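Good morning, colleagues. Please bring up the sequence and the model, and I shall go through several local features in turn.

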Amino acid sequence: MPLQAAESFVVKDIRVEGLQRVEPGTVFSYLPIQVGETFTPAKGSESIKALYSTGFFRDVQIQAQGNVLIVIVEERPTISRIEFTGMKEFDQELVRKSLRAVGVAEARFYDKALIDKAEQELKRQYVSKGLYAAEVVATVTPVERNQVAIFFNVDEGPVAKIQEINFIGNKVFSESTLLGEMQLKTGGWLSWYSKDNLYSKQKLTADLETIRSYYLNRGYLEFVIDSTQVSITPDKKGIFLTISISEGKKFTVKNMRLAGELLGKEAELRQLLALKAGDTFSSSKLAETTKAIAEILGSYGYAFASINPQPDIRRDLAEVDITLVVDPGRRVYVRQVNITGNAKTRDVVVRREMRQFESSWFDSDKIRLSKERIGRLGYFTETDISTADVPGSPDQVDVNVAVKEKPTGAINIGAGFSSTEKLILSAGINQENAFGTGTAIGLNFSLGKINQNLTLSQFDPYFTDDGISRYTDLYYRSSKPLYYVGDPDYQIKTIG
């Protein structure tokens with residue numbers, strides 16, 4: 001009997017019908033009623049809602065047959081495949097990964113709302129690339145075994161070109177000066193190659209930051225970009241940009257002060273000030289100063305030092321006092337150095353280049369030097385050194401060294417010709433990081449009519465622990481006298 005006609009009863013059994021891919025145990029885990037419990041119409045409604053909320057089913061019915069509860073479901077179709085047609089601007093595999101992150105992927109259950117959302121997101125991505133005329137249409141095609149195929153049909157259309165860029169509010173610097181700082185242009189005779197007249201939201205954001213930095217580095221401390229208006233022509237092929245700015249006054253630094261915990265090193269820190277009294281304010285010089293102070297404190301073991309600039313603006317005088325509040329934080333030492341990514345290279349090869357040692361104070365200079373030395377080995381394409389807090393130990397950090405290995409072996413084969421040797425053959429095999437030990441070995445030979453050479457070489461940069469290197473060269477060389485060449489029966493005759 002259907003749910004509406006069901007009365008309360010004790011459930012002796014639960015039967016699930018209509019399953020194709022979903023396991024019965026999954027259905028039972030979501031049901032709010034179990035065998036032995038009393039069924040009521042309210043619990044039936046609750047069961048339907050619970051099963052719908054899983055997203056696995058597009059229809060759920062609850063029926064009762066005697067004391068047996070029957071759950072009839074119709075599963076949502078699963079996605080058999082996802083295809084793209086007409087997509088050139090984006091890498092299809094990257095798009096597949098992004099769709100998978102929001103639940104649209106092969107073998108996942110089909111959800112129309114998610115497909116619509118993916119369709120709109122793709123359109124938005126095209127707009128950010130300046131392709132305002134792009135059209136994205138998702139087509140859902142049923143296939144066998146309750147599956148569907150998703151086709152995203154894309155008509156990218158032309159990229160909108162910038163026809164005009166206008167600035168409003170600029171008085172100090174001309175429009176041509178500001179346009180010269182931007183990547184985006186209105187087009188020129190090289191635009192077919194540089195594509196600088198093609199609108200991109202990312203490029204515009206970068207250009208706005210460049211304009212902001214241009215003003216802040218020239219004393220305009222209160223510079224503001226008030227608004228940015230992007231207008232598109234009716235045919236969606238042309239873009240008009242209007243950038244409204246407020247320049248403000250040009251400020252001069254009146255005083256530069258240091259405050260906070262200076263650790264008795266005020267004189268040393270003052271020497272790092274790139275901005276001084278009487279200078280035109282510059283945000284890049286201020287950033288350079290804060291970075292230099294943080295680095296010097298890091299070399300004394302204060303790995304988490306922070307420097308907070310606090311400006312005191314006097315608009316009537318167009319002057320600013322800047323106070324750098326120094327908070328060195330806690331002094332830390334290195335608990336351990338962890339090395340990852342070296343599948344072939346042995347740990348000791350990397351560790352012997354480290355100048356930051358375990359159980360010693362953290363030193364940012366030594367960290368930087370260690371990274372340089374590891375990079376100079378030539379065994380890795382990437383070297384990254386980071387720090388991580390040690391749980392429960394506020395005065396300790398771990399130094400994590402992540403490397404990415406590259407091939408370090410080489411094979412060379414060559415042939416040459418000379419008037420005396422005739423044909424010369426040469427070959428060699430060299431390995432800069434033999435067996436991951438950091439030792440270089442090589443085997444090279446050359447073969448000609450006169451000279452034959454065979455060389456076995458080995459270079460150990462750390463023959464001793466303190467860095468004394470050793471070069472070993474074993475070779476075999478054979479040479480025939482020149483008068484034997486081409487005439488082995490030639491005899492030397494004595495005259496007289």
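Predicted model: local features only at pLDDT ≥ 70, side-chain atom pairs only at ≥ 80, totals over all residues.

Asparagine 444 has threonine 455 in strand 21 as its bridge partner. In general, the strands of a sheet pair through backbone hydrogen bonds, in either a parallel or an antiparallel manner.

In what order do the five strands of this open sheet come? The order is 18-19-20-21-22, and the pairing is antiparallel. At the edges stand strand 18 (409-418) and strand 22 (470-479); each has a single partner strand, so one side of each is left without a neighbour in the sheet. On average, neighbouring strands of this sheet are turned by 10 degrees against each other, with direction ignored.

Let me remain in this region for a point about backbone angles. Most residues other than glycine have a negative phi. Phenylalanine 435 is not a glycine, yet its phi is positive, at about 55 degrees. Phenylalanine 435 sits in the loop between strand 19 (422-434) and strand 20. Is phenylalanine 435 buried or exposed? With a relative accessible area of 68%, phenylalanine 435 is exposed.

A second residue of this kind is serine 359, whose phi is positive, near 65 degrees, although serine 359 is not a glycine. Its place is the loop between helix 10 and helix 11. Serine 359 has a relative accessible area of 61% and therefore counts as exposed, the cut-off being over 50%.

At the start of helix 11, a side-chain oxygen of aspartate 363 comes to within 2.9 Å of the backbone nitrogen of aspartate 365. Does the span of the helix agree or disagree with its number of residues? Helix 11 comprises 13 residues, 364-376, and at 1.5 Å a residue these should span 18 Å; the end C-alpha atoms are 19 Å apart, which agrees.

Which residues of helix 11 are buried? They are Ser364, Ile367, Ser370 and Ile374. Viewed down the axis of helix 11, the buried residues fall within an arc of 115 degrees, so they line one face of the helix. Against what do they pack? The buried residues of helix 11 pack against helix 9 (283-298), helix 10 (347-351), strand 16 (380-390) and strand 17 (393-405). After helix 11 comes glycine 378, with a positive phi near 85 degrees.

I close with two individual residues and their contacts. Valine 325 belongs to strand 14, residues 319-327. Its relative accessibility is 26%, so valine 325 counts as partly exposed. Valine 325 and glycine 260 are 65 residues apart along the chain, while their C-alpha atoms are separated by 5.1 Å. Apart from neighbours within four places in sequence, valine 325 is in contact with Ala259, Ser306, Ile307, Asn308 and Gln310.

Alanine 138 is located in strand 7, residues 135-143. Alanine 138 and leucine 221 are 83 residues apart along the chain, and 49 Å separates their C-alpha atoms. With neighbours within four places in sequence again set aside, the contacts of alanine 138 are Ile115, Glu119, Phe151 and Phe152.

Note on methods. Residues numbered from 1 in each chain as written. Heavy atoms only, no water. Helix = DSSP H or I, 4+ residues; strand = E, 2+ residues; numbered from the N terminus. Expected span 1.5 Å × (residues − 1). Buried < 20%, exposed > 50% of the residue type's maximum accessible area, 1.4 Å probe, protein only. Arc of directions from axis to C-beta. Contact = heavy atoms within 4.5 Å. Polar contact = N/O pair within 3.5 Å; in protein donor to acceptor, adjacent residues only side chain to side chain. Pairing = 2+ DSSP bridges. Axes fitted to C-alpha atoms, helices over the stretch in contact; angles between N-to-C directions.
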